[in-house]
Amino acid sequence: MANEEPNDEPGRLCFVIMPFGEKDDHGTLIDFDAVYAKIIKPAVEALATDGIHFRCLRCDEVEQAGLIHERMINYIFDAEVAVVDISTANPNVFYELGVRHALRDRVTVLIRREGTRNPFNIAGMNSIDYDASDPEKIAQARSMIGSFIRNGMLSSTRDSLVHAAVPGLEISSRQGSIAASRIFRYTPAHAHGREIRLITGNLRNVNLNSGAADDQIDIWVSSENINMQMARIFDASISALIRYLGARRDDVGDIVEDTIADELRAKMRGRQQVNPGMVVSTGSGSLADSHHVRRIFHVASVYGVIGGGYHPIAQVEQCITAALLQADRESAWAEKAGERPYRSIVLPLLTTGSGSGSLVDNARKQLDAARNYLEARAAVTRLERVYFLAPTKRHLSALQVALAELGIGKAGADDAAPATAAGDAASTDSARAVDAPSGGAPGNGACGAGP
């Protein structure tokens, strides 16, 4: 059965916060609808020439049931960019600006009618002046808005006073979890017979609906720190879920043997850490029988700072290349041992937990790494399907936007698996692995009955 995407033309979201209609500003009548139509919207949509596609949206454009205030807060949080017109010192605008600065550390662009002064609390913030009656100044304002957005997306500088004043502040949301396990198929242009796929829902449901061995995903990728310490089982992360599902458990679900974590520790052989971007390959423990998973790849995608939490490694997309190269390396070992090679792998979007960076930009880099690998090694890779997990609507939207920006098209009709229980799954040259599977060949892929 085919399934529909949330948007026919997915794009990044720019939420516009401003008054509506005509408003008096110290004796001058401002048509804010004209400001939106002639200045803001064209400036944002012109970024498409750089391959960055934005949907520009104001609250009055949303045709949807429900409380407008709830939708407004969600758009303020979800939008990668916000443009805020502070002309007339409208109290609703300033309330929404405060919400934006609390929820997002960047990119918030302030604009104002020429002659407007910033109130004391935002006096030090850069603002773009406009004059809607002067064509030359309209063009100048459009150009500056586009530049502010473009530079803000490339920079790590915070433009939120809240986040600048409270270092380490993290805002996250668990809303928008996807219950159904569905698959969206895309074809890289120069990788015949290979696909990049998006799979929605909770990782615990992956493979449970697969009737044939060819539909099952052979390798699951787990994001780890460079110390290769798996997450605690109650953490909201992929690592924690894989650790629990792969462990041997008693009749009431308590862990009897911490199978995957124990093997990972043994593979480290006393090492305190591995190089960023490296892969350590282990067996899949109980996941072999319950979910038909053949291998678990642990990628070193974050590093810890004492008292400062975990941070993404530089060029985290190298983890994608490393995992795919390791899959092909182990396929060669499997074939030598008379076993079938690894045809498929599922990866989470790496280092997207903090919410401070751009989910779309992270997705774009990681999808591009997968695309480049499949195209460069199309003649030799055993991999046929590279999956990216989309546990929430925000992940799915970011992945779809990134695929559109990369020009990776759909592979015909999308396949949809039956709906499953909802659940939250949180969380190169360095493409070397620590240790091969014991005996020189990977463990045999268990294809027995499910749980």
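Visitor: How many aromatic pairs does the structure hold?

Guide: The structure holds 1 aromatic pair. Rings of Phe, Tyr and Trp (its six-membered ring) pair if their centres lie within 6.5 Å. This is a predicted model, where local features need pLDDT of at least 70 and side-chain atom pairs count only at pLDDT 80 or more, while totals for chains, interfaces and linings use all residues. Residues are numbered from 1 along each chain as its sequence is written, and side-chain values use heavy atoms, with hydrogens and water left out.

Visitor: What makes the pair of phenylalanine 15 and tyrosine 75 stacked?

Guide: Planes under 30 degrees apart count as stacked, over 60 as edge-to-face and the rest as tilted. The ring planes of phenylalanine 15 and tyrosine 75 stand at 15°, with centres 5.7 Å apart, so the pair is stacked.

Visitor: Which parts does the pair tie together?

Guide: Phenylalanine 15 lies in strand β1 (residues 12-17) and tyrosine 75 in helix α2 (residues 68-78), so the pair links parts 60 residues apart in sequence. Helices (H or I, at least four residues) and strands (E, at least two) are DSSP runs, numbered from the N terminus.

Visitor: Why does phenylalanine 15 count as buried?

Guide: Buried means under 20% relative accessible area, exposed over 50%, partly exposed in between (1.4 Å probe, protein chains only). Phenylalanine 15 has 1% relative accessibility, so it counts as buried. Tyrosine 75, at 18%, therefore counts as buried too.

Visitor: How do you know that the charged end of arginine 58 sits over the ring of tyrosine 36?

Guide: A charge sits over a ring if NZ of Lys or CZ of Arg is within 6 Å of the ring centre and within 35 degrees of the ring normal. The charged end of arginine 58 is 4.5 Å from the ring centre of tyrosine 36. Arginine 249 lies over the face of tyrosine 244, at 4.8 Å from the ring centre.

Visitor: Why is helix α6 called largely enclosed?

Guide: In α6 (residues 238-246), 8 of the 9 residues are buried, so the rest of the structure largely encloses this helix. Among them are Ile238, Leu241 and Arg243. The buried residues of α6 pack against elements including β10 (219-225), α7 (259-268) and β14 (295-305); contact means heavy atoms within 4.5 Å.

Visitor: What makes β8 and strand β9 a pair?

Guide: Two strands pair if DSSP finds at least two bridges between them. β8 and β9 (residues 195-200) have 4 bridges, in the antiparallel sense. Arginine 185 stands opposite arginine 197 in β9. Strand β18 (residues 409-410) is joined to β8 by 2 bridges, also antiparallel.

Visitor: Why are β4 and β7 called edge strands?

Guide: 5 strands form an open sheet in the order β4-β1-β5-β6-β7, with parallel pairing. β4 (54-57) and β7 (127-130) each pair on one side only. Inside the sheet, 4 bridges join β1 to strand β5 (residues 81-85). There, cysteine 14 has valine 81 as its bridge partner.

Visitor: How many residues has the largest nonpolar core?

Guide: A nonpolar core is a set of buried Ala, Val, Leu, Ile, Met, Phe, Trp, Tyr and Cys residues joined through side-chain atoms within 4.5 Å. The largest one has 73 residues, and those with the most contacts inside it include Trp220, Ile242 and Leu367. Helix α10 (residues 359-376) gives the largest share of this core, 8 residues. Apart from it lies another core of 27 residues, among them Cys14 and Val83.
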